[in-house]
Amino acid sequence: MPLLYHRTMSDARLEQFKQMAAEFPDAPMAHFSLGKAYLERRQYAEAAQALETAVRLDPAYAAALVSLGDAYAGAGQTQKAREVLTRARDTALAQSHASLAEEIDERLSGLD
């Protein structure tokens, strides 16, 4: 299913998240938000870079791990996606997020 967004709004939002990541370089949420904005635009390499930073800053950030897996999958890096999503699943289960673990299982089963 194609992602729908208003290009002008998305550009403004992307710039906002770039600025936030620059102003708060040690804040995982800033890099996560930037990565999600890039994912929405299907700019997978940029998304992966931002999300890798979020995960480096907070290795137990399950949502960032899931999005990083999505970025790798979008970029055609299936093995990296599988590795990160498996780590995300383990993290989600350790944090008692069973529904997130199930969502991750669906992503894993959809990988080639």
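Axes here are lines fitted to C-alpha atoms, for helices over the stretch in contact, and angles run from 0 to 180 degrees between N-to-C directions. The model is predicted, and local features need pLDDT of at least 70, side-chain atom pairs count only at pLDDT 80 or more, and totals for chains, interfaces and linings use all residues. Residues are numbered from 1 along each chain as its sequence is written, and side-chain values use heavy atoms, with hydrogens and water left out.

Helices are DSSP runs (H or I, at least four residues), numbered from the N terminus. Helix α4 spans residues 62-74 and helix α5 residues 78-94; their axes come within 8 Å and cross at roughly 165 degrees. The two are therefore roughly antiparallel to each other (angles over 145 degrees). The crossing of α4 past α5 is left-handed, meaning that the near helix is turned anticlockwise from the far one by less than a right angle. Contact (heavy atoms within 4.5 Å) joins Ala-62, Leu-65, Val-66, Leu-68, Gly-69, Tyr-72 and Ala-73 in α4 to Lys-80, Ala-81, Val-84, Leu-85, Arg-87, Ala-88 and Thr-91 in α5. By class, ten of these residues are nonpolar, two polar and two charged (Ala, Val, Leu, Ile, Met, Phe, Trp, Tyr, Cys and Pro count as nonpolar, Asp, Glu, Lys and Arg as charged, and the others, Gly among them, as polar).

Helix α4 also meets α2. The axes of α2 (residues 28-40) and α4 come within 10 Å and cross at roughly 30 degrees, so these helices are roughly parallel to each other (angles under 35 degrees). Their crossing is left-handed. Phe-32, Lys-36 and Leu-39 of α2 make the contact with Ala-63, Ala-64, Ser-67, Asp-70 and Ala-71 of α4. This contact has five nonpolar, one polar and two charged residues.

Note on methods: Angles under 35 degrees count as roughly parallel, over 145 as roughly antiparallel, 65 to 115 as roughly perpendicular and the rest as oblique.
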